[in-house]
Amino acid sequence: MIAFAEKLKKRPAALQEKAEPSRETPRIYKPFAVVLCVLFFGALFALFAISVLDTDKTVSETENRALAARPALTASAVFDGSYMTDFETYYTDTFPFRDWLMQLHETLSDFFSSTKTSDDIVLVDRGNKDDFAGQDIDYDDA
């Protein structure tokens with residue numbers, strides 16, 4: 001075994017490099033990974049910047065309700081956990097592009113499902129079977 005190791009040491013450097021498999025990431029994936037990381041972190045930073053710099057709406061016209069106000073930061077609210085709950089409600093109401101995202105969700109839900117929504121009314125196509133138990137539903141009794 002020692003003789004074999006000595007023969008490997010005497011081999012030219014070019015042959016030694018070819019004998020060992022390359023553990024380097026292929027060159028094709030490196031720029032793609034960098035671009036993907038830049039886009040991801042750029043989107044996160046942009047969303048953060050918009051969230052910090054944007055003025056908060058107080059009323060949602062599409063939902064016809066008042067939105068949650070920013071909670072006051074006090075030590076007692078932080079320690080009893082109410083601050084984070086209130087802040088979560090506040091941020092949910094004032095998330096950047098919230099109205100647009102809700103409209104997109106409604107559009108995609110209408111497109112991909114058999115339900116049709118209009119304000120608070122949902123119409124569902126009646127099937128012959130109940131989804132839960134598989135028995136027939138008698139609609140005439142209702």
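**First stop: a nonpolar surface patch**

Select I50, F97, W100, L101, L104, L108, F111 and F112: together they form a nonpolar patch on the surface, with about 890 Å² of accessible area. Patches are built from residues with over 30% relative accessible area and no salt bridge, joining nonpolar side chains (Val, Leu, Ile, Met, Phe, Trp, Tyr) within 5 Å and like charges within 9 Å. A salt bridge here is a side-chain nitrogen of Lys or Arg within 4 Å of a carboxyl oxygen of Asp or Glu. Accessible areas come from the Shrake-Rupley method with a 1.4 Å probe, and for residues only the protein chains shown count as cover.

A word on what is on your screen: this is a predicted model, in which local features need pLDDT of at least 70 and side-chain atom pairs pLDDT 80 or more, while totals for chains, interfaces and linings use all residues. Residues are numbered from 1 along each chain as its sequence is written, and side-chain values use heavy atoms, leaving out hydrogens and water.

**Next: helix α6**

Which helix gives the patch its largest share? Select residues 98-112, helix α6, which supplies 6 residues of the patch. Helices (H or I, at least four residues) and strands (E, at least two) are DSSP runs, numbered from the N terminus. Click on L101, which lies in this helix α6. L101 counts as partly exposed because its relative accessibility is 36%; the classes are buried under 20%, exposed over 50% and partly exposed in between, with a 1.4 Å probe and protein chains only.

**Two residues with positive phi**

Now move to F97, another patch member, in the loop between α5 (82-93) and α6. F97 is not a glycine, yet its phi is positive, about 60°. Is F97 buried or exposed? With a relative accessible area of 52%, F97 is exposed.

Then jump to N64, in the loop between β1 (59-60) and β2 (65-66). N64 is a residue other than glycine, and its phi is near 55°, a positive value. N64 counts as exposed, at 71% relative accessibility.

**A region from the record**

Select residues 32-53, where UniProt (unreviewed entry) places a "transmembrane region"; such annotations may be inferred rather than shown by experiment. This stretch is 100% helix and 0% strand, and its end C-alpha atoms are 31 Å apart.

**Zoom out**

Finally, show the whole protein chain: 6 helices and 4 strands, in the order α-α-α-β-β-α-α-α-β-β from the N terminus. Buried residues make up 7% of its 142 residues.
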